[in-house]
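My plan is to go from the whole chain down to single residues.

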Amino acid sequence: LTAAGCRRGQSTASWARLNHSIAEDGRVRADPQRPMLLFIELLFRSESDLFEFSTLWWPLSKHVHLNEEQTLEYRFAQSDSNPAMGLFVDSYRSRGYFQAVHKTSSAMKKFKAGVKTLRCPPALVGRSYFLSGVGFARRPSEPSFRSGHQTHGGDFLLLVEVVFRREKDLDEFLRRFKDLAMYVEQHEPDTLSYLLGHSDDHPNAVVVFERYRSKKAYSDVHRTSAAFQAFRQWFSAVEMSKQGSSWYELRSPYAEAT
């Protein structure tokens with residue numbers, strides 16, 4: 001992603017390209033009932049532009065919360081390291097639902113029309129995964145909205161993308177991660193989501209999405225547990241490439257407990 005100035009029309013076109021690539025993906029049409037996990041990174045010219053964009057997203061999130069029971073996660077976050085970068089995290093019961101219901105809703109059409117009116121729409125890149133069925137997702141019991149720029153008190157999110165060089169290492173990772181996720185769900189109440197997705201275009205690529213009630217729930221509890229330390233010791237010796245990013249969730253004023 002680059003944000004060297006703002007060339008109107010370029011970013012708007014990227015929205016169209018992203019939607020086209022998802023809709024025309026061969027795997028999507030071949031197996032539209034598999035659960036879907038979608039990440040979209042957005043780079044804005046400034047933090048103010050990010051917050052302007054978020055006001056367009058709030059009505060859409062309200063619509064999703066009230067009307068889309070098969071939309072499992074629908075979150076917008078701000079980068080921990082770059083205040084001008086945002087992240088959408090969406091998951092759906094099926095890709096078919098994403099295409100037939102979410103993408104075609106009147107709220108989504110209104111949101112896209114609003115994005116086109118922005119003085120400087122964001123540059124973006126999206127990646128989609130199949131949910132593996134391993135891990136868990138829980139919504140917070142007491143969601144809140146933090147107005148203005150005081151965003152760094154919300155849920156702490158981690159995104160870790162991994163590509164294994166050998167298939168057997170991926171198989172062992174899946175076995176070990178399943179055990180770790182079971183431990184986390186049973187012993188870490190402030191770990192709110194712990195999900196694993198498989199890339200839809202690379203057989204040895206996975207993503208781990210983690211959501212914590214606070215950064216300390218990650219650094220002081222999850223990272224220090226014996227279960228995670230054992231998993232990490234094995235993981236660090238495996239031949240693979242990985243990249244990780246951290247974020248703070250921006251809450252919609254319409255968020256409600258479920």
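**Ground rules**

I'm working with a predicted model, so I note that local features need pLDDT of at least 70, side-chain atom pairs count only at pLDDT 80 or more, and totals for chains, interfaces and linings use all residues. Residues are numbered from 1 along each chain as its sequence is written, and side-chain values use heavy atoms, with hydrogens and water left out.

**The whole chain**

I looked up the elements and got 8 helices and 8 strands in the protein chain. Helices (H or I, at least four residues) and strands (E, at least two) are DSSP runs, numbered from the N terminus.

How much of the protein chain is buried? Buried residues make up 49% of its 258 residues. I'm using buried for under 20% relative accessible area, exposed for over 50% and partly exposed for in between, with a 1.4 Å probe and protein chains only.

Next I checked contacts, meaning heavy atoms within 4.5 Å. Among contacts with a separation of 6 or more, 80% are between residues 24 or more positions apart.

The protein chain exposes about 12,600 Å², and carbon and sulfur atoms supply 49% of that. The area comes from the Shrake-Rupley method with a 1.4 Å probe; for residues, only the protein chains shown count as cover.

**Strand partners**

I count two strands as paired if DSSP finds at least two bridges between them. I started at strand S1 (residues 36–43), which pairs with strand S4 (residues 123–137) in the antiparallel sense over 8 bridges. Here Phe-39 stands opposite Arg-127 in S4.

S4 also pairs with strand S6 (residues 191–199), antiparallel over 6 bridges. Gly-135 has Leu-195 in S6 as its bridge partner.

From S6 I moved on to S7, which is antiparallel to S6 and joined to it by 7 bridges. Gly-197 stands opposite Val-207 in S7. S6 and S7 form a hairpin, with 5 residues between them.

S7 is joined to S5 as well, by 8 bridges and again antiparallel. Val-163 faces Ala-205 of S7 in that pairing.

S5 and S8 are an antiparallel pair over 9 bridges, with Leu-159 opposite Ser-245 in S8. I then found S8 joined to strand S2 (residues 71–79) by 4 bridges, running antiparallel. The partner of Gln-78 there is Tyr-248 in S8.

**A closer look at S7**

Is S7 mostly covered or open? It is mostly covered, as 8 of its 8 residues are buried. In a regular strand the side chains alternate between the two faces of the sheet. I checked both faces of S7: Ala-205, Val-207, Phe-209 and Arg-211 are buried on one side, and Val-206, Val-208, Glu-210 and Tyr-212 are buried on the other.

**The second largest pocket**

My pocket search ran on a 1 Å grid over the protein atoms alone: a pocket is an open set of points with protein on both sides within 12 Å along at least five of seven lines, and lining residues have an atom within 4 Å of a point. The second largest pocket has a volume of about 410 Å³. That volume is the space filled by probe spheres set on the points, with grid points joined across faces, edges and corners.

Which residues lie nearest its centre? I noted Val-160, Glu-210, Phe-228, Phe-235 and Lys-242, out of 23 lining residues. Elements giving two or more residues to the lining include strand S5 (156–164), strand S7 (205–212), helix H8 (226–235) and strand S8 (240–250). S8 gives the most, with 5 residues.

The lining divides into 13 nonpolar, 6 polar and 4 charged residues.

Glu-41 is found in strand S1, and is buried at a relative accessible area of 14%. Its C-alpha atom is 5.8 Å from that of Gly-86, 45 residues apart along the chain.

Ser-46 has its place in the loop between S1 and helix H3 (47–67). Ser-46 is partly exposed, with a relative accessible area of 25%.

Leu-56 is in helix H3 and counts as partly exposed at 25% relative accessibility. Leaving out residues up to four places away in sequence, Leu-56 touches Phe-111, Gly-114, Val-115 and Leu-118.

Technical notes. On a 1 Å grid over the protein atoms alone, a cavity is a set of points where a 1.4 Å probe fits but cannot get out, and a pocket is an open set with protein on both sides within 12 Å along at least five of seven lines; lining residues have an atom within 4 Å of a point. Ala, Val, Leu, Ile, Met, Phe, Trp, Tyr, Cys and Pro count as nonpolar, Asp, Glu, Lys and Arg as charged, and the others, Gly among them, as polar.
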